[in-house]
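Here are a few exercises to work through with the model open beside you. Try each task before you read its solution.

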Amino acid sequence: MNIVLYYAPNTCALAPYVTLTEANAPFEARALNFRKGQQNAAEYLKLNPKHKVPLLIVDGEPLTESIAIQLWISRNFPQAKLLPSDPWQELKAISILSWCASGIHPYLSRINSPPRVCDVAGTEASVVKQATHFIHEAYKIAEPMLAGREFFFDHFTAPDAHFFWCMRRSAQLGVDASAFPNCTAHFERTKARASVQKLLAWEKSVNEEFAKAA
Ligand SMILES: N[C@@H](CCC(=O)N[C@@H](CS)C(=O)NCC(=O)O)C(=O)O
């Protein structure tokens, strides 16, 4: 099986990179330089007309959308237990993945680029303020879910990787999460994993290559 993951630094493609690594899956990671708009290059648009990462290519077949990609990884590498084995718990995990992808991520995108949601002059600060409010609301909801436990379930699963990315991106975008100690502890715990450290080292080398080519 030939597996390729398209990635760009700082993006949510971090989550499948981490879970593929946790699963010991043989995969090739290909980095796109968003600063150069490589997600809009004609060749890439043929693979993913949505001009986004993550994009997984399995034996030449493209698969988009984080949740579908996580389900594919989990189903194809069952030994990694990337979703809980109990059917109800598995659905709860998919619920968290959906929440990260569609309940938290859109607010991160708004902070990253306010004009993409409202291009009326003078509204940027308001867009950021509102988005920050809803990200804080999400972290408040996550606090009891992580209370007294290492991960969302009884071991590391795909939702931990996706939530870690949300926390990382929000910190990069200046969102203060210090009022949410269980979330920040989960962030540090996840960051210490070998899979995440591997991703961070690889991302650093990608950024260095991009800087040289700039
Ligand atoms: N719903 C998609 C969202 C993917 C997404 O928004 N990716 C961003 C990076 S975090 C992206 O590639 N943006 C580039 C663009 O919109 O041009 C998923 O969950 O996979």
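Just after H1, Asn24 has a positive phi of about 60 degrees. H1 is a helix covering residues 14-22; helices (H or I, at least four residues) and strands (E, at least two) are DSSP runs, numbered from the N terminus.

Before going on, note that this is a predicted model, in which local features need pLDDT of at least 70, side-chain atom pairs count only at pLDDT 80 or more, and totals for chains, interfaces and linings use all residues. Residues are numbered from 1 along each chain as its sequence is written, and side-chain values use heavy atoms, with hydrogens and water left out.

**Exercise 1: the overall fold**

Solution. Finally, the C-alpha atoms fill a box of roughly 50 × 45 × 30 Å along the principal axes.

**Exercise 2: strand S1**

Task: work out which strands pair with S1, and in which sense.

Solution. Two strands count as paired if DSSP finds at least two bridges between them.

1. S1 (residues 3-7) runs antiparallel to S3 (residues 55-58), with 4 bridges; in S3, Val58 is the bridge partner of Ile3.
2. S2 (residues 28-31) is parallel to S1 and also joined to it by 4 bridges; in S2, Ala29 is the bridge partner of Leu5.
3. Now look at the side chains. In a regular strand they alternate between the two faces of the sheet. Here Ile3, Leu5 and Tyr7 point one way and Val4 and Tyr6 the other, and all are buried (under 20% relative accessible area, with a 1.4 Å probe and protein chains only).

**Exercise 3: helix H1**

Task: find what the buried residues of H1 pack against.

Solution. First, check the cover: 8 of the 9 residues of H1 are buried, among them Leu14, Tyr17 and Leu20. Then list the partners of these buried residues: S1, S2 and S3, together with helices H3 (66-76), H6 (158-172) and H8 (194-213). For the whole protein, 44% of the 214 residues count as buried.

Technical notes:
Buried < 20%, exposed > 50% of the residue type's maximum accessible area, 1.4 Å probe, protein only. Contact = heavy atoms within 4.5 Å.
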